[in-house]
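Open the model in your viewer and keep the selection tool at hand.

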Amino acid sequence: MASPYFYFAHLATMTEEFVLNENSSRHIVQVLRMKPGESLRLTDGKGLSATALIREAHKKHCRVNITEKKIQEAPKRNVQIAVSLLKNTNRFEWFLEKATELGVSGIIPLKCERTEKQQFRLERLQGILESAMIQSQQVWMPVLNEPKNFFDFVEEVKAEQKFIAHCEPGTKRRLGEMINTNLASQLILIGPEGDFTEEEIKLATKSGFIPVELGENRLRSETAAVAAAVILKLH
């Protein structure tokens, strides 16, 4: 059986032997019932992973000893999803989980003209990313940005390919047909429940965003964001 996997933000600065936090220690000792001498894996979510042996199995301060460290290069393409905050918090959290499992590089919550949800609990959302990264056995965790105002964001953001998915009439290409895998970065805008406004679409297009569609069906915002992540990552 594979060794249990844990997130440890400060792994890069740790000495060979150190103590895990109380939550991880409790899970290792009380839930998994691991004993001294057993191994586990750690990652900092920034490409570094380590194998460690348990030296002291204490439920509050489990002491481990690192036996091996590895660095995994970042994905060749930087894929970012900029999506409006959603009225239903559970749906936004579901998107974060799936985007992490798919291996996107960055997530930018947007405040658009039709965005209804304004609350943003970074600590809780970061925890969702950590859990999804561990569940999917990855060593790179998406960067979760603070919410950005749409009008400011589209004028300042930099990516080699920029897309906007919307439901308004007009000339649009399928996202899958537009991706150039030779370019190092792609970013797509996904709007709120009521879609982007005409003014937002015009500004994005003027700022170099290519209008695209994700398929024939009209999708919920969180579904559209996941669909976009799948298309961008699998190309």
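A nonpolar core is a set of buried Ala, Val, Leu, Ile, Met, Phe, Trp, Tyr and Cys residues joined through side-chain atoms within 4.5 Å. Buried means under 20% relative accessible area, exposed over 50% and partly exposed in between, with a 1.4 Å probe and protein chains only. The model is predicted, so local features need pLDDT of at least 70 and side-chain atom pairs count only at pLDDT 80 or more, while totals for chains, interfaces and linings use all residues. Residues are numbered from 1 along each chain as its sequence is written, and side-chain values use heavy atoms, with hydrogens and water left out.

**Stop 1: the largest core**

Select Ile81, Phe95, Leu96, Leu175, Ile188 and Ile190: of the 36 residues in the largest nonpolar core, these touch the most other members. At least two residues of this core come from each of β6, α2, α3, β10, α5, β12 and α7. The most come from α7, which gives 7 residues. Helices (H or I, at least four residues) and strands (E, at least two) are DSSP runs, numbered from the N terminus.

Next, centre on Ile190. Contact means heavy atoms within 4.5 Å. Leaving aside neighbours within four places in sequence, Ile190 is in contact with Ile81, Ala82, Val83, Ser84, Ala165, Phe196, Leu214, Ser221, Ala224, Ala225 and Ala228. Then select Leu20, Val29, Cys62 and Val64, which are included in a second, separate core of 17 residues.

**Stop 2: helix α7**

Select residues 221–234. This is α7, with 14 residues and a reach of 20 Å from first C-alpha to last, close to the 20 Å expected at 1.5 Å a residue; the expected span is 1.5 Å times one less than the number of residues. Which residues in α7 are buried? They are Ser221, Glu222, Ala224, Ala225, Val226, Ala228, Ala229, Ile231 and Leu232. Their cover includes β6 (78–84), α2 (89–102), β10 (161–165), α5 (175–178) and β12 (185–190).

**Stop 3: strand β10**

Select β10, where 5 of 5 residues are buried. Gln161, Phe163 and Ala165 point one way, and Lys162 and Ile164 point the other way. Two strands pair if DSSP finds at least two bridges between them. β10 and β12 run parallel and are joined by 5 bridges; Ala165 stands opposite Ile190 in β12. β10 also pairs with β13 (residues 210–213) in the parallel sense, over 3 bridges, with Ile210 in β13 as the bridge partner of Phe163.

**Stop 4: the five-stranded sheet**

Colour β1, β3, β4, β5 and β2 in that order: these 5 strands form an open sheet with mixed pairing. β1 (5–7) and β2 (17–19) are at the edges with a single partner strand each, so one side of each has no neighbour in the sheet. The twist averages 40° from one strand to the next.

Within this sheet, β3 (residues 39–43) and β4 (residues 48–56) pair antiparallel over 5 bridges. Helix α3 (residues 122–135) lies across β1 and β3, running at about 155° to β1. Axes are lines fitted to C-alpha atoms, for helices over the stretch in contact, and angles run from 0 to 180 degrees between N-to-C directions.

**Stop 5: the whole protein**

Zoom out. The protein has 7 helices and 13 strands, and its C-alpha atoms fill a box of roughly 65 × 35 × 30 Å along the principal axes. Of its 235 residues, 45% are buried.
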